[in-house]
Amino acid sequence: MADTTASSDPRDVNSELRSPLLEPGKKSSEPEKLCIDEMLRMYCGEFGWWQLKHFVLTSLAWALEAFHTMVMIFADREPGWSCVSGSGCDATAKTVCGFEPGSWEWTGGSSSSTISEWGLVCGYKYRVGLAQAFFFGGCMIGAGIFGHLSDSKLGRKGSLTVVCILNALFGCLTAFSPDYWTYVLLRVLTGFSTGGVGLCAFVLATEPVGPTKRGVAGMSTFYFFSTGIALLSGIAYIFRSWRTLYIASSIPSLLFLVIVLPFISESPRWYLVRGKVKEAMTLMHNIAKTNGKHLPDGVVLALDEETNKDSNYEQPCKEQLEIKEAISGSLIDVVRSPITRTRLVLAVAINFLCSVVYYGLSLNVVNLKTNLYLNVLLNAVAEMPAFTITAVLLDKFGRKPLAIGTLWFSGFFCFLGSLMTSVGIWKIVRMACGILGIFGMAGTYNLLFIYTAELFPTVVRNAALGCATQAAQMGAILAPFVVVLGGGLPFVVFGVCGTLGGILAFYLPETLHKPLYDTMGGMEDGESACRVV
């Protein structure tokens, strides 16, 4: 009789059937461990319908920043004046300084601007620039604080919510300023919240975008800023009183809070670095579903430094997948690392120089003495071709060559403008040089946001970007004082700043098609691997 003992136990049969199919030491349900960039590229889609909706809704906040920043052009303008009949004042004079009180009056009444209401002319004219400088000072402080908060406890969406609430509040309160110094205080507070709007909106809009689409998406955010300036010129044309203008320009922040923000999601990268893996995975599944893709259940999100480790991976339990230790970072971590320390210094210097040129050239345009509302509208429209050209060339030539090229382009025409006089045809040539200078610097300003964001990992990205934004605000504070020099000297200063910025950009690394790192360790490991290769 044949021996059937070996096959009498079904478990032995199953073992014999299973053993040839599995290699020793392997587990059948080992999850695939991917960082966010890889998951977007392989499964969710780099820029599908979900990212398009999220990007457009989030970037609308840039228009709000334009409202609160550029409203000063109209609110602090110097209106026209005329002589009172029979007063004997000289109607051909260029200034009212020296006229007897009551011999002249403001066109449109004293409520048309802060200058006419509080008499900010002659010996008090410096107060106009002082209020604007204090606003940018508030922006500088707010950019640093909200940059840190958006990287830590509040998150990207939470920080954006807070700054929009503060903007709406302080903007409306500004309209009820009883005197000049109260006005300055409220402008400082508005600047404090405004400094975090574009910063938080930019990072929140671009972080869910895949690596090959992130550059163009990031540079497209500035279309919303320019559109905001163009819309503001129309709003200012309708509301001629500076008080009603402040209310009209603040109401959109309330509408954004109520209508737009509920449909904006938090960044999956912030969820991941804060240890909220369950929330991050839920969001990634939602992205894939909306984009018409499928994210398999066996795929797990991981920080880039974890995916870089070539070691045996043991499947974590459900609790481990849902909750991990939060990873945070600060500017101290940026300074400690030799890689990020050098990048931060260069980014701060270049952003400062770029801002001096951009805001300086923009302020020079008001000296054309043409229709103010049309001037601002044309200025905003003129920046858009620069954004388009830079976005098209971004992924073809890379961030570094484009930054150098646009900085030197602007610097060249600024130097050229300094050689022109303000007489005859040369006056038109100088104006054209200024427009071309703004054209080049608008492209640089646009590029620097995406370039700076890609230079730092997620845990410190907003902190580093906030630091660079602070430097840009310092440049904005300095710009009005450069314009006061008059003649060709401002163009010389702008030319030097543009040329020097291009030289400094030589020392920055190229970030084209490189991963957007999550942690300091992941970035250092990745950069080390690139150097070895």
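The model is predicted. The whole structure holds six salt bridges, five cavities of 30 Å³ or more and 27 aromatic pairs.

**Salt bridge between Glu117 and Arg243**

- Glu117 and Arg243 join their side chains in a salt bridge, with N and O 2.6 Å apart.
- Glu117 sits in helix α6 (residues 114-118) and Arg243 in helix α11 (residues 242-260), so this pair ties together parts that are 126 residues apart in sequence.
- Glu117 has a relative accessible area of 28%, so the residue counts as partly exposed.
- Arg243 is also partly exposed, at 22% relative accessibility.
- The cut-off for buried is under 20%, so at 22% Arg243 does not count as buried.

**Salt bridges of Arg156**

- Arg156 meets Asp151 in a salt bridge, with an N to O distance of 2.6 Å.
- Arg156 also forms a salt bridge with Glu207, where the closest N and O atoms are 2.7 Å apart.
- Arg156 belongs to helix α8 (residues 155-174), while Glu207 lies in the loop between α9 (180-206) and α10 (214-238), so the pair ties together parts that are 51 residues apart in sequence.
- Are these residues buried or exposed? Arg156 is buried, at 1% relative accessibility.
- Asp151 is buried as well, with a relative accessible area of 4%.
- Glu207 is buried too, with a relative accessible area of 1%.

**The largest cavity**

- The largest cavity holds about 220 Å³ of space.
- Its lining has 21 residues, and the closest to the cavity centre are Trp62, Glu65, Phe222, Tyr445 and Phe449.
- What classes of residue make up the lining of the largest cavity? The lining has 14 nonpolar, five polar and two charged residues.

**The second largest cavity**

- The second largest cavity has about 70 Å³ of volume.
- It is lined by 12 residues, and Glu454, Thr511, Lys514, Pro515 and Tyr517 are the closest to its centre.
- By class, this lining has five nonpolar residues, one polar residue and six charged residues.

**Aromatic rings**

- The structure holds 27 aromatic pairs. One of them is Trp118 with Tyr183: the ring centres are 5.6 Å apart and the planes stand at 55°, so the pair is tilted.
- This pair links distant parts of the chain, because Trp118 lies in helix α6 and Tyr183 in helix α9, 65 residues apart.
- Tyr183 is buried, with 1% relative accessible area.
- Trp242 and Tyr246 have ring centres 6.0 Å apart and planes at 90°, so this pair is edge-to-face.
- The cut-off for edge-to-face is over 60 degrees, and tilted pairs fall between stacked and edge-to-face.
- Trp242 and Tyr246 both sit in helix α11, four residues apart, which is about one turn of the helix.
- Trp242 is buried, at 1% relative accessibility, and Tyr246 is buried at 1% as well.
- Which residues form the aromatic cluster? Trp118, Tyr180, Trp181, Tyr183, Trp242 and Tyr246 form one cluster. Both ring pairs described above have their members in this cluster.

**A charge over a ring**

- Arg240 lies over the face of Tyr237. The distance to the ring centre is 4.4 Å.

- Cys122 has a positive phi of about 55°, although Cys122 is not a glycine.
- Where is Cys122 placed? Cys122 lies in the loop between α6 and α7 (126-151).
- Cys122 is partly exposed, with a relative accessible area of 36%.

How values were computed. Residues are numbered from 1 along each chain as its sequence is written. This is a predicted model: local features need pLDDT of at least 70, side-chain atom pairs count only at pLDDT 80 or more; totals for chains, interfaces and linings use all residues. Side-chain values use heavy atoms; hydrogens and water are left out. A salt bridge is a side-chain nitrogen of Lys or Arg within 4 Å of a carboxyl oxygen of Asp or Glu. Helices (H or I, at least four residues) and strands (E, at least two) are DSSP runs, numbered from the N terminus. Buried means under 20% relative accessible area, exposed over 50%, partly exposed in between (1.4 Å probe, protein chains only). On a 1 Å grid over the protein atoms alone, a cavity is a set of points where a 1.4 Å probe fits but cannot get out, and a pocket is an open set with protein on both sides within 12 Å along at least five of seven lines; lining residues have an atom within 4 Å of a point. Grid points are joined across faces, edges and corners, and a volume is the space filled by probe spheres set on the points. Ala, Val, Leu, Ile, Met, Phe, Trp, Tyr, Cys and Pro count as nonpolar, Asp, Glu, Lys and Arg as charged, and the others, Gly among them, as polar. Rings of Phe, Tyr and Trp (its six-membered ring) pair if their centres lie within 6.5 Å; planes under 30 degrees apart count as stacked, over 60 as edge-to-face and the rest as tilted. A charge sits over a ring if NZ of Lys or CZ of Arg is within 6 Å of the ring centre and within 35 degrees of the ring normal.
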